[in-house]
Amino acid sequence: GAVHINSRSPEYPGSKIKRFVVPDKSVSWSVPLPGYNPPQYTSPAVKSQPIWADPPLEPQPTGSTVSLPFNADDKERNVSRKSFTGKYKVVGGLPRNPSGRTGLTGRGLLGRYGPNHAADPVVTRWERDETGTVIKIHGKPVLQFVAICRNDTGEWAIPGGMVDAEENITQTLKREFSEEVLLDVDDQKPGTEIQTQLNKLFNSGVKVYEGYSDDHRNTDISWIETSVFNFHDDNGSTFDRIKLHPGEETSGVQWKRIDQSINLFASHFQFLEKVAKMHNAHF
Ligand code: RP5
Ligand code: MG
Ligand code: MG
């Protein structure tokens with residue numbers, strides 16, 4: 001695939017730290033980059049050791065016994081340290097970003113060394129006109145997805161989030177969607193029925209992607225990987241009487257048309273392109 005871009009964003013988010021500039025041709029670790037000396041940054045939030053963050057590994061004080069089971073399931077902390085991209089290298093005790101150099105070391109805003117697992121629920125329906133007829137462009141039906149506006153970057157995005165310790169992907173997909181998108185009933189239809197329909201929808205997920213996420217928070221030793229699932233409301237009956245509202249940590253929510261022109265957070269554009277292809281929809 002193409003080299004990561006957001007993972008080399010000039011200024012690290014939430015800081016004034018400038019990344020070491022890595023040219024496209026020098027992203028791969030297999031290409032020597034003499035003089036590569038990325039700044040180190042771990043955010044104060046991560047340093048304060050919240051439950052979602054690892055204990056510090058660097059700098060290694062002599063006699064330190066902290067070690068993490070890289071490339072394996074961490075039974076002690078109930079998180080997976082396996083990568084969807086295969087076995088990643090551990091150099092000098094620290095994992096190496098499988099997509100190459102980012103121009104920054106330290107964990108930045110990410111809690112885990114190595115992969116930080118996330119999940120992205122893509123909830124879709126067909127776009128319809130006032131009469132309920134599915135809109136077509138160049139003969140292909142048009143899809144919409146539930147998009148949220150992120151507080152951190154102001155960009156539109158899939159309502160995804162990090163997999164909590166002890167959580168499986170299915171739980172994360174549902175929890176993140178319900179935290180970031182609040183639903184309320186538009187008419188007399190009883191809420192329990194909507195809950196039933198929603199549960200049914202969330203049981204019908206189709207895997208779209210699992211792997212690296214080109215996120216602006218990635219560093220040389222910490223990166224985000226995501227599992228993307230599509231939940232498709234084919235006849236529109238689950239959502240036709242539901243209003244969407246932004247959750248507490250979200251500044252907007254709306255049904256957005258899926259096409260070439262959407263500008264989205266991290267790797268989300270690529271994920272929606274895959275979803276459109278899966279449904280043989282307009283893109
Ligand atoms: C992206 O960051 C993933 O695709 C996912 O959407 C998101 C998870 O981070 P938070 O939403 O928890 O900030 O790389
Ligand atoms: Mg969230
Ligand atoms: Mg989120």
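This is a predicted model: local features need pLDDT of at least 70, side-chain atom pairs count only at pLDDT 80 or more; totals for chains, interfaces and linings use all residues.
Visitor: How many nonpolar, polar and charged residues form the shell around ligand 1?
Guide: The residues surrounding ligand 1 include Asp120, Arg150, Met162, Ser213, Phe265 and His268. The space that ligand 1 takes is the largest pocket. Sorted by class, the shell holds 4 nonpolar, 4 polar and 4 charged residues.

Visitor: Which residue has a side-chain N or O atom 2.5 Å from an oxygen atom of ligand 1?
Guide: A polar backbone atom of Gly160 lies 3.2 Å from an oxygen atom of ligand 1, so this contact does not involve a side chain, given that a polar contact is a pair of N or O atoms within 3.5 Å. The side chain of Ser213 places an N or O atom 2.7 Å from a ligand oxygen. The distance of 2.5 Å belongs to the side chain of Asp120.

Visitor: What percentage of the area of ligand 1 does the protein bury?
Guide: An oxygen atom of ligand 1 is 2.7 Å from a side-chain N or O atom of Ser213. Taken alone, ligand 1 exposes 360 Å², and the share of this that the protein buries is 89%.

Visitor: Which residue bridges the magnesium ions, ligand 2 and ligand 3?
Guide: The protein donors of ligand 2 are Glu176 (OE) and Glu180 (OE), at 2.1 to 2.3 Å. Ligand 3 is coordinated by Gly160 (O) and Glu180 (OE), also at 2.1 to 2.3 Å. The two ions lie 3.3 Å apart, and the bridging residue is Glu180.

Visitor: Why are Glu176 and Glu180 separated by about one helical turn?
Guide: Both residues are protein donors of the magnesium ion, ligand 2. They belong to helix H2, residues 169-180.

Conventions
Residues are numbered from 1 along each chain as its sequence is written. Chains are lettered from A and ligands numbered from 1 in the order in which they are written. Side-chain values use heavy atoms; hydrogens and water are left out. A residue is near a molecule or strand if one of its heavy atoms lies within 4 Å of it. A polar contact is a pair of N or O atoms within 3.5 Å; within protein, one must be able to donate a hydrogen and the other to accept it, and residues adjacent in sequence count only if both atoms are side-chain atoms. Accessible areas come from the Shrake-Rupley method with a 1.4 Å probe; for residues, only the protein chains shown count as cover. On a 1 Å grid over the protein atoms alone, a cavity is a set of points where a 1.4 Å probe fits but cannot get out, and a pocket is an open set with protein on both sides within 12 Å along at least five of seven lines; lining residues have an atom within 4 Å of a point. A molecule sits in a cavity or pocket if more than half of its atoms lie within 2 Å of its grid points. Ala, Val, Leu, Ile, Met, Phe, Trp, Tyr, Cys and Pro count as nonpolar, Asp, Glu, Lys and Arg as charged, and the others, Gly among them, as polar. Donors are N, O and S atoms within 2.8 Å of the metal (3.2 Å for Na, K and Ca); water is not among the atoms, so sites may look incomplete. Helices (H or I, at least four residues) and strands (E, at least two) are DSSP runs, numbered from the N terminus.
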